Amino acid sequence: LVPPDINKSDSVFNASIINGKEVVMFGMGALKGAGDIAINLILKSREEGGNFKDLSDFISRIDGSKVNKRVIETLIKSGALDCFGYTRNAMLTQLEDIVEAVGKASLAKKQAIGSLFSNDKNMITVNITLKNMPEFDNSKILEFEKASLGFYVSGHPLDKYRNSLNEINYTLSSQISELKDGEEALIIGQIENIAQKISKKGNKFGIVSVMDLHGNIELMLFDSHLKELEENFDINKPIAFKVRAKVNDFGVQLSLRKIETLKEAKNEK
């Protein structure tokens with residue numbers, strides 16, 4: 001699976017061959033925050049006028065009233081505009097300049113309607129040159145992908161820990177449903193979110209979303225475990241959770257037994 005490309009992706013996911021490699025192109029219709037109307041107009045422009053040659057060509061041919069700032073920002077973050085040769089950092093930093101150029105192109109099109117020069121492409125073309133900048137680090141790129149695509153495509157935040165994880169016998173999120181009642185398991189992942197709540201009895205607890213290589217797991221932590229997590233662990237790194245499974249009519253529910261570092265988890269049975 002590869003990120004979307006403004007010149008290669010369709011509205012839906014589709015199989016393709018790029019540089020001799022069989023891939024699945026991310027469908028631009030699935031981009032979060034872009035909208036079907038904007039994406040369909042972009043694809044229609046590409047179908048009628050061929051691939052977008054560069055950023056200036058893209059800006060000059062899109063409908064600025066529908067392909068607005070939010071849509072362009074989503075396209076940049078998803079990697080769909082990488083083919084224009086600018087880093088995502090450069091395009092996001094100069095996003096206002098891009099939006100201003102889109103506005104100028106839209107105005108030029110309106111003024112050209114009914115004029116003698118309505119068919120002159122030079123009259124409705126706006127040229128823009130950005131100052132290129134070093135790209136964001138990989139963690140930022142992955143963060144953008146998760147926000148715009150819904151999941152990671154070009155990598156995973158846990159990739160750099162794979163060697164350590166391979167040395168530990170643990171249960172992946174995709175294997176949770178296989179646990180038996182009363183069975184203990186080791187869950188390892190990076191915390192994506194902690195939602196702190198108050199019970200009807202006034203006790204503080206938290207719902208922790210743990211991301212591993214296969215998906216996400218939600219764990220309920222009581223106040224004491226929340227404090228332990230916040231005071232003794234770096235939540236920006238993978239953390240191990242020893243849990244016990246309880247199987248009932250609602251599926252498998254996990255109760256936390258212990259929180260551990262990767263080093264401690266390595267010695268856990």
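Me: How many residues lie between S4 and S5 in their hairpin?

Reply: This is a predicted model, where local features need pLDDT of at least 70, side-chain atom pairs count only at pLDDT 80 or more, and totals for chains, interfaces and linings use all residues. Residues are numbered from 1 along each chain as its sequence is written, and side-chain values use heavy atoms, without hydrogens or water. Strands (E, at least two residues) and helices (H or I, at least four) are DSSP runs, numbered from the N terminus. Strands S4 and S5 form a hairpin, and the residues between them number 4.

Me: Over how many bridges do S4 and S5 pair?

Reply: Two strands pair if DSSP finds at least two bridges between them. Val208 has Leu219 in S5 as its bridge partner. S5 covers residues 216-222, and its antiparallel pairing with S4 has a bridge count of 7.

Me: How many bridges join S3 to S4?

Reply: Asn193 has Ser209 in S4 as its bridge partner. The hairpin of S3 and S4 has 5 residues between the strands, and Gly202 takes a positive phi near 90° there. S3 spans residues 184-198 and runs antiparallel to S4, with a bridge count of 8.

Me: Why is S4 largely enclosed by the rest of the structure?

Reply: Buried means under 20% relative accessible area, exposed over 50%, and partly exposed in between (1.4 Å probe, protein chains only). S4 covers residues 204-211. It is largely enclosed because, of its 8 residues, the number buried is 6.

Me: How far apart in the chain are Arg46 and Asp10?

Reply: A salt bridge is a side-chain nitrogen of Lys or Arg within 4 Å of a carboxyl oxygen of Asp or Glu. Arg46 and Asp10 meet in one, at 3.4 Å, N to O. Arg46 sits in helix H1 (residues 36-49) and Asp10 in the segment before strand S1 (14-18), so the pair links distant parts of the chain, with a separation of 36 residues.

Me: Which helix holds both Lys140 and Glu143?

Reply: These two side chains form a salt bridge, with the closest N and O atoms 3.4 Å apart. Lys140 is partly exposed at 30%, and Glu143 is partly exposed at 43%. They lie 3 residues apart, about one turn, in helix H6.

Me: Which residues join Glu184 in one salt-bridge network?

Reply: Glu184 forms a salt bridge with Arg244, with the closest N and O atoms 3.0 Å apart. The pair links distant parts of the chain, strand S3 and strand S6 (residues 239-248), 60 residues apart. Salt bridges that share partners join Glu184 into one network with Lys242, Arg244 and Arg257.

Me: What kind of aromatic pair do Phe52 and Phe58 form?

Reply: Rings of Phe, Tyr and Trp (its six-membered ring) pair if their centres lie within 6.5 Å; planes under 30 degrees apart count as stacked, over 60 as edge-to-face and the rest as tilted. The structure has 5 aromatic pairs. Phe52 and Phe58 are 5.2 Å apart centre to centre, with 85° between the planes, and the pair is edge-to-face.

Me: How far apart in sequence are the parts that Phe58 and Phe84 tie together?

Reply: Phe58 and Phe84 form a tilted pair, because their planes meet at 45° with the centres 5.9 Å apart. Phe58 lies in helix H2 (residues 55-61) and Phe84 in the loop between helix H3 (69-78) and helix H4 (88-93), so the sequence separation of the parts is 26 residues.
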